[in-house]
Amino acid sequence: MIDRYGREIDYMRISVTDRCNLRCRYCMPEDLISVDHGDILRYEELLRVCAAAVELGIRKFKITGGEPLVRLGCADFIARLKKLPGVEQVTLTTNGLLLEENLDALCAANLDGVNISLDALDEDLFRQICGGRGSAAQVLSAVRKSVERGLKTKLNTVILEENAGQAESLAALAGELPVDVRFIELMPIGFGVTLNRASPDALLERLKLRWPDLEPTDERRGNGPAHYYKSAALQGRIGFIDAVSHKFCQSCNRVRLTGTGLLKPCLCYDEAADLRALLRSGCDDEELRRAMEERIYNKPRAHSFDSPRDITEKKAMSQIGG
Ligand code: SAM
Ligand code: SF4
């Protein structure tokens, strides 16, 4: 559907859980209390929301969390979502730790692609960033297996001061494998405010020393705002998602659904439609659709990441879905 600023909104990120098996420092602290299972939308409820979203013109869905694969039945849910009439694309974002054991089910579900988060190849640094859990080797193995299975695979790295030195070795994975490697600028949401942001422009300059022919490409590689660079030496592309330093709100196409059923039109603000309350009060499909339409139509014009006191969203990113 078209919002009041003329943007076409056709993409929804759906968080299926706020729980996670990692504790990335910018996302989820060790002691964050998880929501009770009963307060998370059931898969049936999610499918009702998705059906209403399709009627409003949303055709592409990203399954996220917390870590989506820690929720039982995630692959089955994806299979059901893929079969919903009007759904064109369903992709998943994951930290990769449970990916290998879910690959059969995800491929059988006809998942359209997977984004795997990996902030460092160095194991000490990986554990430093991810709360002392997991391992880079395990994530990398899942990346290789995912590529072997023919799944469209991308890597996401949040760039921080401490892992900026890893950028070259992470980008080199796009040479070895047909994967896009995307560097995400740290956003001042949740625990993102507690860390120092590294400059994506400086990082690009560093990568150009290793791949001097890196040049921008207009190819469309996904649903998001990433801008991409190509080099003859790389199979995949190098992408940047730099929401803070290169604001892209005028072309934003997305809304978010939190695990507790809040429909959020913008990452920056806490305004949301409480779809769980509506669903559990026995609303009919028309009421659900109208509540979603109203909230999406009134999507804010732009974020205020450059003006901290205007950021009203106080939830952790693990509670929103990234
Ligand atoms: N657990 C899954 C994962 O890590 O991919 C899915 C959920 S995670 C919240 C989704 C994405 O949000 C990840 O790529 C993560 O790196 C990113 N993210 C989390 N906090 C962020 C922040 N403050 N700024 C930028 N990206 C962030
Ligand atoms: Fe978990 Fe993903 Fe957040 Fe890391 S970024 S703590 S893996 S939800």
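Reader: Which residue with a positive phi follows helix 3?
Author: That's Asn110, with phi near 65°. Asn110 has this positive value although it is not a glycine. Before we go on, a word on the ground rules: this is a predicted model, in which local features need pLDDT of at least 70 and side-chain atom pairs count only at pLDDT 80 or more, while totals for chains, interfaces and linings use all residues. Residues are numbered from 1 along each chain as its sequence is written, chains are lettered from A and ligands numbered from 1 in the order in which they are written, and side-chain values use heavy atoms, with hydrogens and water left out.

Reader: Where is Asn110 found, and is Asn110 buried or exposed?
Author: First the terms: helices (H or I, at least four residues) and strands (E, at least two) are DSSP runs, numbered from the N terminus. Buried means under 20% relative accessible area, exposed over 50%, and partly exposed in between, with a 1.4 Å probe and protein chains only. Asn110 sits in the loop between helix 3 and strand 4. Its relative accessible area is 51%, so Asn110 is exposed.

Reader: Back to the helix, then. Which residues of helix 3 are buried?
Author: In helix 3, residues 99-108, they are Leu99, Asn102, Leu103 and Leu106. Looking down the axis, these buried residues fall within an arc of 140°, so they line one face of the helix. The arc is that of the directions from the helix axis to the C-beta atoms. On the face turned away from the buried side you'll find the exposed residues Glu101, Asp104 and Ala108.

Reader: And what do the buried residues of helix 3 pack against?
Author: Here contact means heavy atoms within 4.5 Å. The buried residues of helix 3 pack against helix 2 (74-83), strand 3 (89-94), strand 4 (113-117) and helix 5 (136-148). Helix 2 has its own buried residues, namely Cys74, Ala75, Phe77, Ile78, Ala79 and Leu81. Their cover includes helix 1, strand 2 (60-64), strand 3 and helix 3.

Reader: How do I check the span of a helix, say helix 10?
Author: The expected span is 1.5 Å times one less than the number of residues. Helix 10 has 13 residues and should therefore span 18 Å; its end C-alpha atoms are 18 Å apart, which agrees.

Reader: Which residues of helix 10 are buried?
Author: Leu288, Arg289, Met292 and Ile296. They cover an arc of only 95° around the axis, which puts them on the same side of helix 10. What covers them includes strand 1 (11-15), helix 1 (43-55), strand 10 (254-257), strand 11 (262-264) and helix 9 (275-280).

Reader: What caps the N-terminal end of helix 10?
Author: Asp284 does: one of its side-chain oxygens lies 3.2 Å from the backbone nitrogen of Glu286. While we're on such pairs, a polar contact is a pair of N or O atoms within 3.5 Å; within protein, one must be able to donate a hydrogen and the other to accept it, and residues adjacent in sequence count only if both atoms are side-chain atoms. Glu286 also has a polar contact of 3.1 Å between its side chain and that of Arg289.

Reader: What does Arg289 touch besides residues up to four places away in sequence?
Author: Ala52, Glu55 and Leu56. With a relative accessible area of 17%, Arg289 is buried.

Reader: Is His303 buried or exposed?
Author: His303 counts as buried, because its relative accessibility is 9%. You'll find His303 in the loop between helix 10 and helix 11 (317-320). A polar atom of the His303 side chain lies 2.8 Å from the backbone oxygen of Ala243.

Reader: Now the ligands. Which residues are closest to ligand 1?
Author: A residue is near a molecule or strand if one of its heavy atoms lies within 4 Å of it. Ligand 1 is surrounded by 20 residues, and the closest are Gly66, Thr93, Ser117, Val158 and Met187. A polar side-chain atom of Thr93 lies 3.0 Å from an oxygen atom of ligand 1. For Ser117, a side-chain N or O atom is 2.6 Å from an oxygen atom of ligand 1. Met187 uses its backbone: an N or O atom there lies 2.8 Å from a nitrogen atom of ligand 1.

Reader: Which residues are around ligand 2?
Author: Cys20, Leu22, Cys24, Cys27, Met28, Gly66 and Asn95.
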